[in-house]
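User: Hi! I would like to go through this structure with you, one question at a time. Could you take a look?

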Amino acid sequence: MSASAVHSLWTTAAEPISKIDAPKIEYAQLSPTLIVIGAAVVGVLIEAFVPRKSRYYAQVFVAVVALAAAFSAVVALAASGYGTTKAHIAAMGAIAVDGPALFLQGTILLAGILGVFTFAERRLDPQAHGNRVDAFAAQASAVPGSDTEKAAVKAGFTTTEVFPLLLFAISGMLVFPSANDLLTLFVALEVFSLPLYLLCAVARRKRLMSQEAAVKYFLLGAFASAFTLFGIALLYGYAGSVSYATIAHVVDGTITNVDPALAGTMGNDVLLLIGTALVVMGLLFKVGAVPFHMWTPDVYQGAPTPVTGFMAAATKVAAFGALLRLLYVVLPGLRWDWRPVMWAVAVVTMLGGAIVAITQTDIKRLLAYSSIAHAGFILAGVIATSPDGVSSVLFYLGAYSFVTIGAFAVVTLVRDAGGEATHLSKWAGLGRRSPLVAAVFAVFLLAFAGIPLTSGFAGKFAVFKAAAEGGAGALVVVGVISSAIAAFFYIRVIVLMFFSEPKPEGPTVAVPSPLTMTAIAAGVAVTLVLGVAPQYFLNLASQAGVFVR
Amino acid sequence: MSFPLLTATAVLPALGAIATAAVPAARRVAAKWLALLVSLGTLALAAVTLARFDPDGARYQLTESHAWIPDFGVRYQLGVDGIGVALVALTALLMPFVILAGWHDADPHETGSRRWRPTQGFFALILAVEAMVIISFEATDVFLFYIFFEAMLIPMYFLIGGFGDRAHEHGDEAAATQRSYAAVKFLLYNLVGGLIMLAAVIGLYVVAGSFSLQEIVHARADGSLHMATSTERWLFLGFFFAFAVKAPLWPLHTWLPNAMGEATAPVAVLITAVVDKVGTFAMLRFCLQLFPEASKWATPAILVLALISIVYGALLAVGQRDIKRLVAYASISHFGFIILGIFAMTTQGQSGATLYMVNHGISTAALMLVAGFLISRRGSRLIADYGGVQKVAPVLAGTFLIGGLATLSLPGLAPFVSEFLVLVGTFTRYPVVGIIATFGIVLAALYTLVLYQRTMTGPVKAEVAEMPDLRVRELLVVAPLIALLIFLGVYPKPITDIVNPAVKQTMSDVQKKDPQPEVEAAK
């Protein structure tokens, strides 16, 4: 750094403090996120001040009301045109309020409400010492199998902290797809990841597996975050700014008034390429794309099933949102560099997820690999680099999250003495025992498989069509081949449920409270409606398909 | 707006399926009657459709068109030409017989859950298949067609996997395993075909910007839509693959014997007489019209495959020891004839092929349903387990013989007319192919007559000595089918009148003319 540059830095720092303006924050436009964060803080206070007996009700109430209010705020913002004509950058360039952001926030909030419902379910686990309990540990800090734990169970403790944790995670997810600079992106990433790591660890049953899942998720997630941060540093070195708009300008070569202090490194393509690769890697980790998918099966299996369902749906939505914004807003000028790489990632993700899923014997692991395959299908839409590509991905994410939450909610119902019976062999003959539950699960599986008249088909068609129009015909062919492979294992589960004789010692299907029932019913309804009459939602998605820059 | 007759024909069985599924567990019999009534109502609607259809009128009639998913360029667009209306009528006609023949096939024989309602499920699934098949015969939007072409696999899959021959079920784990194997094989073959078609459907949209059959055909005809030769060929192959799996054409046929062997006889009829027709129908409607050049390009290869299907299917039928599998291989042979007729690209050939679809539906239904009655009496599908049945159950044996004779295309019965037309139509353009195909008929005589001889004639086997003859319900199923076979054998004009204009239209789309007979000039 030259002497004059140092001098300019020093003199800048010595400017009178009064020259820093107070940041201008558009509170109304950020209200969805602010409501959720506020509710999460209230949730923490409830933990501190409300008597143990009434905490559960207070927490559920606060969470549902906050999420519903935030959702109304999103709808109100969209209705007053922030998704289309009034789309702009808020909060001093940190947050974008535009179509994709609002659409994804709406999806995340709906998934969050259904998530709260499944979190709050207290009829499935047998009562412990006369207390209704949920899927979460009596006292997460108690060592599994210890006397403290037994005492906690006996006292009827429950981990009501899961609700504020969920709200914090949701608030991070709301910011993630709307982050308009790399630092906000990173903060949002951490805000939603840390609560999820914790939530994974607090299963009531199979606690060691749950903790193991959390540690794996945390370690790998921490590495991914570190990579992302490193990438952000390199991109800053490249562009001299963390703002998406500025980086995009530097990539396009249309930047004016370069900071002389950064002129030395600025425009260095090595920094750009490595930085992009690292940031995208972090996002692909969250999405669960091959080869960054290793955590998915273990975490999906070990985490409490309601958490898995929520995480599988909402994390994907948030992470794909951020990925789309990064690739479409910041790096369209770099398209010819990232497209081949993303092609390869999409191909191995689709094929890898579908092929490995065939050998799975645990329903949660199976759904984990299936989610990997789906990440591949969505990536095909991302690669399209067209407005159709954006709207198809938005639609797919909306459709997929409801199917996922519904499917995992059904998994929580099938139980034997050891809790949830997730081994596939135990699902044999379920169709004979509980035709309704099996039929509902079959609907979800058919949607995953992309059979026409379900939302899965409409979504798959949308992304493949966008990909084909974007010149990725070969990707579509790989996509249909992996769909065919994937269909095999979905059908295998259906065969098991309907065409196998029930085993005498097989699991029973617990009758859930209206909460889980609502979540499942919403999943089925959305799956069928989006399958038969998707037009309204496709419209919504295509109106929302334009990023603000 | 006039009454949406085509929609009604498809919606009635769909609603019937939902209603049937909703019948309480204790009221099984009500579910059966409901299903039968719905299928008869659908038949009535199909009859009205047939009556309203004017063979010399517009290409597509009774059309309906509504916006459905504008974002995908998809319209809910229905319309029938002569070929479509004939097949809708065939489907609606066969359903009451299928339901009546399967009257007791799904009675619960074990106590499952209170909510387990196999009977309701069975009849609801049959009606669901009917609705989806009918709408795919009526769709003039490629996407709409594709949706139901794929979706019908699911109810079909549950019908094959969920309901087997009653005689086999008691304590027979192996039969259940084989059945679910057959169901999975059916679904996977067809799903793979369908997914490859999906890629082609998307490709077609990218190239043509529309899913409307008529729009694309018009645009291609007036030159406003140009398709590169290689693109057209790839798209054609994508479509054809799916239809060839469904039809089925050798070497994609292997799912059919499994599926027909393991399914109950009415479901087997549903597969071969109704669902598979969608494949051959779609070749005529979509492959030839959308991709005329590619169709001509692929003709030689397809003719060879069809010939192999004819001869190979017939040869394997001769070697079968299982009655239902024998009928399945015979069907493969017959589908070879249908495809041969379609791709011979002559008017007689295509008229014959369409007529063949209808006649094959009726004759296979007759043969298979009687075979089903026979099998349900003895509890075995093996030919060797029978002998001398005609002495104890003469009516059963007699109807079985007529069904068999129809299968081997005896003159005077309906299939003869269509097979003759196909052979003549093929011969005028490809004499060698026509000659080889004729061997299929010889082999058909062999496998049918040997089947009859081994099961029905000879000394009465002890196990069949007590076999009751056809009951009233069973006669009600068989008699009308046989009457139809004889009627259409003597007087096929009602169908050919409807079909011929549509076939001429298709021929002009492919820009093919019938070869003119060469008359040696007088010296």
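Analyst: Happy to! This is a predicted model.

User: At what angle do α8 and α11 of chain A pack, and how far apart are their axes?

Analyst: Two packed helices are described by the angle between their axes and the distance between the axes. Here the helices are α8 (residues 207-239) and α11 (residues 295-302) of chain A. Their crossing is left-handed. The angle is about 145°, and the axes are 8 Å apart.

User: Is A:Phe227 buried, exposed or partly exposed?

Analyst: A:Phe227 is found in helix α8 of chain A. Leaving out residues up to four places away in sequence, A:Phe227 touches A:Leu278, A:Met281 and A:Gly282. Burial needs 20 or more other C-beta atoms within 10 Å, and exposure 12 or fewer. A:Phe227 has 18 C-beta neighbours inside 10 Å, so it counts as partly exposed.

User: Which residue does a cis peptide bond join to A:Val290, and where is that residue?

Analyst: The bond has an omega of about 5°. The partner of A:Val290 is A:Pro291.

User: And in chain B, which residue is joined to B:Ala247 by a cis peptide bond?

Analyst: In that bond, omega is about -10°. The place to look is the loop between α10 (229-246) and α11 (255-262) of chain B. The residue joined to B:Ala247 is B:Pro248.

User: How are α4(A) and α15(A) oriented relative to each other, roughly parallel or roughly antiparallel?

Analyst: Helix α4 (residues 99-119) and helix α15 (residues 387-413) of chain A have axes 10 Å apart and pack at about 5°. Angles under 35 degrees count as roughly parallel. The two helices, α4(A) and α15(A), are therefore roughly parallel.

User: How many charged residues does the contact of α4(A) with α15(A) have?

Analyst: Among the residues making this contact are A:Phe103, A:Leu104 and A:Leu114 of α4(A), and A:Val390, A:Leu394 and A:Ile405 of α15(A). By class, there are 10 nonpolar and 6 polar residues. The number of charged residues is none.

User: What is the phi of A:Thr385, and is the residue buried or exposed?

Analyst: A:Thr385 is found in the loop between α14 (363-383) and α15 of chain A. Its phi is positive, about 45°, although A:Thr385 is not a glycine. With 21 other C-beta atoms within 10 Å, A:Thr385 is buried.

User: In chain B, which strand holds B:Leu62?

Analyst: B:Leu62 has a positive phi near 55° and is a residue other than glycine. B:Leu62 is also buried, as 24 other C-beta atoms lie within 10 Å. The strand that holds B:Leu62, residues 61-69 of chain B, is β1.

User: How do α15(B) and α20(B) run relative to each other?

Analyst: The axes of α15 (residues 347-378) and α20 (residues 472-490) of chain B come within 10 Å and cross at roughly 150°. That makes α15(B), relative to α20(B), roughly antiparallel.

User: What is the radius of gyration of chain A?

Analyst: Chain A has 21 helices and 5 strands. For its 549 residues the globule rule gives 24 Å, and chain A is as compact as a globular protein of that length. The radius of gyration of chain A is 24 Å.

User: Which element gives the largest share of the side of chain A that touches chain B?

Analyst: The contact takes 31 residues from chain A and 32 residues from chain B. Elements of chain A that give two or more residues include α17 (435-449), α18 (455-469) and α19 (473-499). The largest share, 12 residues, comes from α19(A).

Technical notes
Residues are numbered from 1 along each chain as its sequence is written. Chains are lettered from A and ligands numbered from 1 in the order in which they are written. This is a predicted model: local features need pLDDT of at least 70, side-chain atom pairs count only at pLDDT 80 or more; totals for chains, interfaces and linings use all residues. Two residues are in contact if their C-beta atoms, placed from the backbone, lie within 7 Å. Helices (H or I, at least four residues) and strands (E, at least two) are DSSP runs, numbered from the N terminus. Axes are lines fitted to C-alpha atoms, for helices over the stretch in contact, and angles run from 0 to 180 degrees between N-to-C directions. Angles under 35 degrees count as roughly parallel, over 145 as roughly antiparallel, 65 to 115 as roughly perpendicular and the rest as oblique. Ala, Val, Leu, Ile, Met, Phe, Trp, Tyr, Cys and Pro count as nonpolar, Asp, Glu, Lys and Arg as charged, and the others, Gly among them, as polar. A crossing is left-handed if the near helix is turned anticlockwise from the far one by less than a right angle, and right-handed if clockwise. The radius of gyration is taken over C-alpha atoms; the globule rule is 2.2 Å times the number of residues to the power 0.38.
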